[in-house]
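Q: Please take a close look at one part of this structure. Then connect it to other parts that can be described in the same terms.

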Amino acid sequence: MSLVQEIDYGTPRSRATKEVTLTIDGQSVTVPEGTSIMRAAMELGTKIPKLCATDMLDAFGSCRLCLVEIDGRAGTPASCTTPVAAGMVVRTQTDRLKRLRRGVMELYISDHPLDCLTCSANGDCELQDMAGAVGLRDVRYGYAGEKHPNPGKDESNPYFTYDPSKCIVCSRCVRACEEVQGTFALTIAGRGFESVVSPGMQESFLGSECVSCGACVQVCPTATLNEKSVIEIGTSEHSVVTTCAYCGVGCSFKAEMRGDEVVRMVPYKDGKANRGHSCVKGRFAWGYATHRERILKPMIRAKVSDPWREVSWDEAIAHAASELKRIQAKYGKGSIGGITSSRCTDEETFLVQKLIRGGFGTNNVDTCARVCHSPTGYGLSTTFGTSAGTQDFDSVEHTDIAMLIGANPTDAHPVFASRLKKRLRQGAKLIVIDPRAIDLVDKTPHVKAAHHLPLLPGTNVAVLTALAHVIVTEGLVNEQFVRERCDWDEFQHWAEFVSLPQNSPEAVAKVSGVPAETIRKAARLYATGGNGAIYYGLGVTEHSQGSTTVMAIANLAMATGNIGRRGVGVNPLRGQNNVQGSCDMGSFPHELSGYRHISGDATRQLFEALWGVTLEKEPGLRINNMLDAAVDGTFKGIYIQGEDILQSDPDTKHVAAGLAAMECVIVQDLFLNETANYAHVFLPGSTFLEKNGTFINAERRIQLVRKVMAPRNGYEDWEITVLLAKAMGFDMHYDHPSQIMDEIARLTPTFAGVSFRRLEELGSIQWPCNEKAPEGTPVMHMNGFVRGKGRFMITEYIPTDERTGPRFPLLLTTGRILSQYNVGAQTRRTDNVVWHGEDRLEIHPHDAEQRGVRDGDWVKLASRAGETTLRALVTERVAPGVVYTTFHHPGTQANVITTDFSDWATNCPEYKVTAVQITPSNGPTDWQLKYEEQARQSRRIAPLEAAE
Ligand code: SF4
Ligand code: SF4
Ligand code: SF4
Ligand code: FES
């Protein structure tokens, strides 16, 4: 194995379609107009020396190392800032150029510490490389002269250091923070020789606006900005391209290794989702894989009050299988089920649902998408015919109006947010529909939302229907599109409905709190501003009308013709890394892979023939039904792979009661998570670094996950499922996950053309991929909707049953924060905790004052379902009457207070609306204390000798 080498072309690719031909060092080259001479030379394999240029950034032209000679032009222009021209004749290597370049390098080196042999970037330093490339043999000015100012090393960031003594003031870092990340955290302070890179107003990196994305570290040509892991371990000797296991953006990374130790994760420029960028989670927060709390040995116990007993894999698997068989014999086939993981690979997810349907003989399988994006599946398949986003991320580069609904991408989908911010800085307009003033509304440098609609939680459908009212009644419908592509009768019926006075902005203003004029302006902008793209998140789906809201979004896109080409579309921003894949793989109780209903005889027979079993025709139980049945005493055993339902599902007390009522709970995970407190069998899982397989991101992009180290627990997760299946008497045999994908492709028409070989060849594939689309489908519904005619749906606003009143006068809504991921099991076990050590309750100053709550005070957060305590953060980010918290820390138990109301179509829980009251508090509630004690007891592992 070797290091994956990516070519640095020096300047970004030109998008021009017209081409020009020129001559460089006697060789002819044809490139798009607007290409720099530097990049054109690189196309020929000629590396012109450079320091301030890199192809991730626009050309800057400050170092003067990349000089060339051009026939007919005076002087020696910089090749990075000079565009090619037809017939141009360029020379990159003449005596004059050599002399000039050496002179430039002499100046750099005379000011640079000469500690190359002990420098952490030794062997990976562009300054070193350039000294070699220009043939520098001597420095006439000596090394003892005046140096640039050196404010001292900054080690405040947990993941990288800043050592100004090595800085060559090339500004790459400043430009990366601006152009790629869009945070503008860095400046060059001082002038001329006194110039120095500075975070913010001469703060530390940790104290500045820096969000630790790592873009500046990646582009720094010297050791000035360097990963602490490289300083500690040394440079890498081989690398493997793989896919981030955190969010639904699906960033590609090079896992740079020394032996089986990860040295660093570097975003991969050829990754089509991230184009070489990353966020703090994927880039730096991988240390959980070797965290001391990771469980590496299987464990069993008779009762959850017993300590765990470490056993062999054979014993654990045999025990799990015999318990499941015993339960089925006693209580019936349907008394057990399982949950697939959106953190695991497609292949692993597919096998878990295969085991449950084929081995357990029941359709009692569900996935965490139930609690996040199940309404997306329902809403988009009803209106368009497919359960997925319509665009690729590149599409945003063609968007004129971005409408963001119930999503906070700078925190939850940061790399997509950076791409969106770039487009907004180029002039695209933004509409934000969200109860909170998220950063993109007005706290992001050089970005300001044209309209923010701060609606009351629970009123999405009313507001979206009011937008439609304006579009229809003001004659802004794209009639040609609707007549050609949609069912015209249904459209007319819908248009009549949205035009009703009760759906006017004036009427909706009363329920939503959004001024009518703001609704009107936003509707006009979306309908008339050019390419309109809608991006939405869990603020849309996690409501009692989640599916209705998704359909209201689809209606808007169809009515304005904003679907079926680049720059437009309807795009759910998926939460977990493989939530799209887990849905695609048939994790829902009513669907086989590719969203085909289990009751379809032809589909079922296809699976039955290949698997050699008879499948149940009726859909099985959803997660909440399994828990209800457990409380009722009819559901007794569950296999949960990579999912912490106790922390992530609503109404924690009910989840706990359901788990406690079961006779065999099998948890397969990396850590003893909260659900494992109720488990009888613990099967240690493997991390994404330890397995092969695929993830599917929010763009429907299937990407390879490649093993970079052997599983520390002994098995990849799919292998554990195979062992359990065999022990249950359902034989499966695979030597490699690629064979599982081959089976998926055989059984699933939208995956027919997918294989590991094709993924290796193409880098990634967006489904559908089949005979009609052998290289996949970046943009869907180009020439017609998948279901034929687009279907407008009536979206009547029905207020949630969760109402505020004198006892619970405030509305709680929940969300994520950049540094933490989901239930925090991974990120809490990394240095990311420096940014978010606890969940805080955001409360408006007016509401805080009324209750005598000051910033930082402990408060009791109570709902009809339960109560918890956490500390307050007094802020105007939330409107009066609305409070907000994240749910990353188990101590907070935010879901103790969320209710069991859910989406009418899919049972997706209504996390985003809970009526609550806030009162000052002295500390944790009785429930929190009891829970903590029980969790402590439950996590005990018997010493080995006692276990034997
Ligand atoms: S810190 Fe690195 S990238 Fe930034 S100016 Fe200095 S040498 Fe260039
Ligand atoms: S880590 Fe990212 S946000 Fe922080 S200074 Fe560097 S580029 Fe900017
Ligand atoms: S967490 Fe998401 S945005 Fe961050 S690196 Fe991973 S995939 Fe990319
Ligand atoms: S690389 Fe062209 S001026 Fe620096």
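A: A residue counts as buried when its relative accessible area is under 20%, as exposed when over 50%, and as partly exposed in between, using a 1.4 Å probe and protein chains only. Helices (H or I, at least four residues) and strands (E, at least two) are DSSP runs, numbered from the N terminus. The model is predicted: local features need pLDDT of at least 70 and side-chain atom pairs count only at pLDDT 80 or more, while totals for chains, interfaces and linings use all residues. Residues are numbered from 1 along each chain as its sequence is written, chains are lettered from A and ligands numbered from 1 in the order in which they are written, and side-chain values use heavy atoms, leaving out hydrogens and water.

Of its 14 residues, 13 are buried, so the rest of the structure largely encloses helix 14. After helix 14 comes Gly 475, with a positive phi near 70°.

Thr 721 belongs to helix 26, residues 717-727. Thr 721 counts as buried because its relative accessibility is 0%. Contact means heavy atoms within 4.5 Å. Apart from neighbours within four places in sequence, Thr 721 touches Leu 351, Val 352, Leu 355, Tyr 639 and Gln 641.

Next come the strands. Two strands pair if DSSP finds at least two bridges between them. One open sheet has three strands in the order 9-10-11, paired antiparallel. Its edge strands, which pair on one side only, are strand 9 (238-243) and strand 11 (261-267). Strand 10 (residues 252-258) is joined to strand 11 by six antiparallel bridges. Phe 253 stands opposite Pro 267 in strand 11.

A residue is near a molecule if one of its heavy atoms lies within 4 Å of it. The residues around ligand 3 include Phe 253, Cys 244, Cys 247, Cys 251 and Cys 279. Helix 7 (280-284) and helix 12 (414-425) each supply at least two residues of this shell. Ala, Val, Leu, Ile, Met, Phe, Trp, Tyr, Cys and Pro count as nonpolar, Asp, Glu, Lys and Arg as charged, and the others, Gly among them, as polar. The shell around ligand 3 has nine nonpolar, two polar and one charged.
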